[in-house]
Each structure stands twice: as C-alpha cells, then as structure tokens.
Amino acid sequence: MSTEKIPTKFRKRFGQHFLKDIGIIENIVASINLGEIDHVIEIGPGLGALTQKILESNCQLDAIEIDRDLAKRLNERFSCSKNFKLHIADALHYDYKANKAGGKTMRVVGNLPYNISTQLIFKLFDTIDSFADMHFMLQLEVVKRLTAARGEKSWGRLAIHAQYHCEVEHLFNVPPSAFTPRPKVQSAVVRLTPHLQKPFEEVDLHILRDTTRLAFSQRRKTLRNNLKSVIDVSKLRDIDINPDARAEALEINQFVKLAKLIHES
Ligand code: SAM
C-alpha cells in the first residue's frame with residue numbers, strides 16, 4: 001500500500017479516488033518507461049502516489065492540480081526535488097503548449113478525474129503534436145470507447161478522434177480495491193501514442209469535431225437526417241457515403257472526407 005496518509009474527506013466534484021495499491025502504481029510507472037531525458041506532465045497528482053514513482057526516474061515533472069489543499073501537501077512533500085514543479089490550475093484550461101521545455105515533446109500521465117476525462121482528452125488532442133505519448137487511468141468503459149473498432153458497441157466519437165490522432169492500447173485493468181475511496185466502476189490503464197506517420201488526411205480539427213458531433217447527434221437516425229442542416233445530402237454519394245447509413249457505419253477516413261465536404265460547401 002502507498003505510504004502517504006490519505007485524507008478522510010474527498011472532494012467528489014474533483015473525482016478524487018486515490019491510488020493506494022503499490023503494485024498497481026509500480027505497474028503504471030513501469031509501463032510508461034521513463035528516463036531522465038523525459039519531460040512529464042502529470043494531471044491530477046492528488047497526494048502524489050504516481051508522482052513519487054515518476055520522480056524516481058529523475059525526469060522533469062510538471063504537475064497540474066486544481067485542489068489547493070492537496071497542492072499544499074504536494075509542495076510540502078516534493079518541493080525539495082529540483083525536478084518537480086506544481087501548477088495549481090484547472091487541467092481543462094491549462095496552456096500545454098506553453099510548457100514545452102526546450103522543444104522536448106512531453107509525456108502526459110494521469111489517473112484522471114473520471115467526471116472530466118473525455119473532455120480533457122479532447123482538449124489534449126488540440127495540442128497533440130506537443131506530446132510523445134499519454135498514459136491514463138480511466139473508467140474501463142471509457143477505455144473501451146477509446147479502443148473500439150467500427151462495428152463494436154463502443155465505437156463512436158471518442159474512438160474516431162482518438163484513433164485519428166493516436167495508436168491506442170488498452171494496457172491492463174484495475175479493480176476498485178486499488179483506490180480509496182473505491183470507485184463504483186472498473187478502471188483500466190491506456191496508452192495513446194500520436195501517429196508518427198499520419199494515416200489520415202489532414203483536416204481542420206474543429207470541423208472534424210463538429211462533423212462527428214452532428215453525425216452522431218441522433219445515433220439511431222440516418223446521416224441524411226442528421227446532416228441535412230449543413231449539407232445537400234445528395235452530395236454524400238459523390239464521396240461514396242450512403243446518406244441512408246447511420247454514423248456508426250462510417251470509417252475514420254470517411255469522416256475526414258465528410259468534414260472536408262462540409263467545409264467546402
Ligand atoms: N493521481 C492521484 C492518485 O492516483 O492517487 C489522484 C487521482 S484522482 C482520480 C484525480 C485528481 O485530479 C485529484 O487529485 C483531483 O483533485 C484532481 N483534479 C480534478 N479535477 C481537476 C482539474 N480540472 N484539473 C487538475 N486537477 C484536477
């Protein structure tokens with residue numbers, strides 16, 4: 001079990017579930033495989049369960065924590081380390097690009113607050129070229145939505161955007177007993193590695209996002225229905241998309257084509 005004393009009060013609004021299982025903590029940090037040349041951004045360090053292990057690799061670590069009480073404890077514990085810098089900030093509004101030190105690409109790590117995890121992942125996609133990779137602890141259900149293939153139940157916007165940018169690997173599952181307080185759901189660790197050779201055509205990310213949002217706005221309805229406000233749906237056939245299909249039937253490259261068509265029209 002982790003050595004830091006866990007508080008008796010938890011801030012539910014900050015999605016606080018602290019890792020206490022030292023075996024799991026070691027597995028996560030071993031999967032990241034850090035070295036002293038690395039620059040790590042840790043989102044939501046909490047009481048420092050992962051932070052402690054990350055710092056043992058002598059990498060440079062910038063940690064972003066929103067809870068001021070935890071930030072105080074983190075500073076007391078780690079400010080003696082010259083490699084540690086704490087940012088008391090909201091990770092959803094943090095300027096990741098500004099933190100890129102000496103042109104090094106950053107490695108992002110976090111046992112994420114589950115209530116904001118998908119929003120946060122979408123935010124990180126905005127500056128994906130600044131990151132070498134990202135390792136997250138998430139709800140197992142979210143990991144399934146990140147790794148899903150077309151045709152699977154979990155296939156949707158999250159898989160499309162994640163796989164447009166990254167290779168996504170489900171590393172291992174983590175039971176509720178690894179945390180205090182216990183979450184009600186199973187968790188899992190996932191690795192996202194931005195594609196070095198981009199497998200899809202470049203497209204304006206905001207337009208791609210709006211396109212998938214609209215296409216999936218009513219999941220049971222056809223593209224003809226969901227897209228009629230933004231495009232002459234007869235044009236869908238020109239890019240080999242059946243207007244009577246549902247969004248879930250499309251591959252990522254078809255969403256890219258669709259986004260371009262919407263952009264041009
Ligand atoms: N890393 C610690 C661990 O594994 O034990 C804590 C993980 S806990 C699931 C999530 C952490 O993220 C908490 O410390 C919480 O205060 C912090 N947090 C929640 N919302 C945040 C936000 N918007 N920006 C930065 N940190 C946030």
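A polar contact is a pair of N or O atoms within 3.5 Å; within protein, one atom must be able to donate a hydrogen and the other to accept it, and residues adjacent in sequence count only if both atoms are side-chain atoms. This is a predicted model, in which local features need pLDDT of at least 70 and side-chain atom pairs count only at pLDDT 80 or more, while totals for chains, interfaces and linings use all residues. Residues are numbered from 1 along each chain as its sequence is written, and side-chain values use heavy atoms, leaving out hydrogens and water.

View 1. An oxygen atom of the ligand lies 3.3 Å from a polar backbone atom of G46. P45 places a backbone N or O atom 3.3 Å from a nitrogen atom of the ligand. For A91, a backbone N or O atom is 2.8 Å from a ligand nitrogen atom. The ligand alone exposes 590 Å², and the protein buries 98% of that (areas by the Shrake-Rupley method with a 1.4 Å probe; for residues, only the protein chains shown count as cover). In total, 23 residues surround the ligand (a heavy atom within 4 Å). The closest are L19, G44, E65, D90 and N111.

**View 2. The open sheet.** The sheet has 7 strands, in the order β4-β3-β2-β5-β6-β9-β7, with mixed pairing. Strands (E, at least two residues) and helices (H or I, at least four) are DSSP runs, numbered from the N terminus; two strands pair if DSSP finds at least two bridges between them. β4 (84-88) and β7 (166-174) are the edge strands, each pairing on one side only. From one strand to the next, the twist averages 20 degrees. Strand β3 (residues 60-65) runs parallel to β4, joined by 5 bridges. Here D62 stands opposite K85 in β4.

**View 3. Two helices on the sheet.** Helix α4 (residues 117-125) packs on the sheet and touches β2 (39-43), β5 (106-111), β6 (131-139), β7 and β9 (187-194) (contact means heavy atoms within 4.5 Å). Its direction makes about 170 degrees with that of β6 (axes are lines fitted to C-alpha atoms, for helices over the stretch in contact; angles run from 0 to 180 degrees between N-to-C directions). Helix α6 (residues 157-165) lies across β7 and β9, at about 120 degrees to β7.

**View 4. The enclosed helix α6.** Of the 9 residues of α6, 8 are buried, so the helix is largely enclosed by the rest of the structure (buried is under 20% relative accessible area, exposed over 50%, partly exposed in between; 1.4 Å probe, protein chains only). Among the buried residues are L158, I160, H161 and Y164. The buried residues of α6 pack against α4, α5 (140-147), β7, β9, α7 (205-215) and α9 (252-264).

**View 5. Around Q16.** Q16 sits in the segment before β1 (18-19). Q16 is buried, at 9% relative accessible area. A polar atom of its side chain lies 2.8 Å from the backbone nitrogen of R11. The Q16 side chain also makes a polar contact with the side chain of D67, at 2.9 Å. Leaving out residues up to four places away in sequence, Q16 touches F10, R11, D67, L70 and P181.

**View 6. Backbone details in loops.** P181 lies in the loop between β8 (179-180) and β9. The peptide bond from T180 to P181 is cis, with omega near -10 degrees. N33, in the loop between α1 (22-32) and β2, has a positive phi near 55 degrees without being a glycine. N33 is exposed, at 60% relative accessible area.
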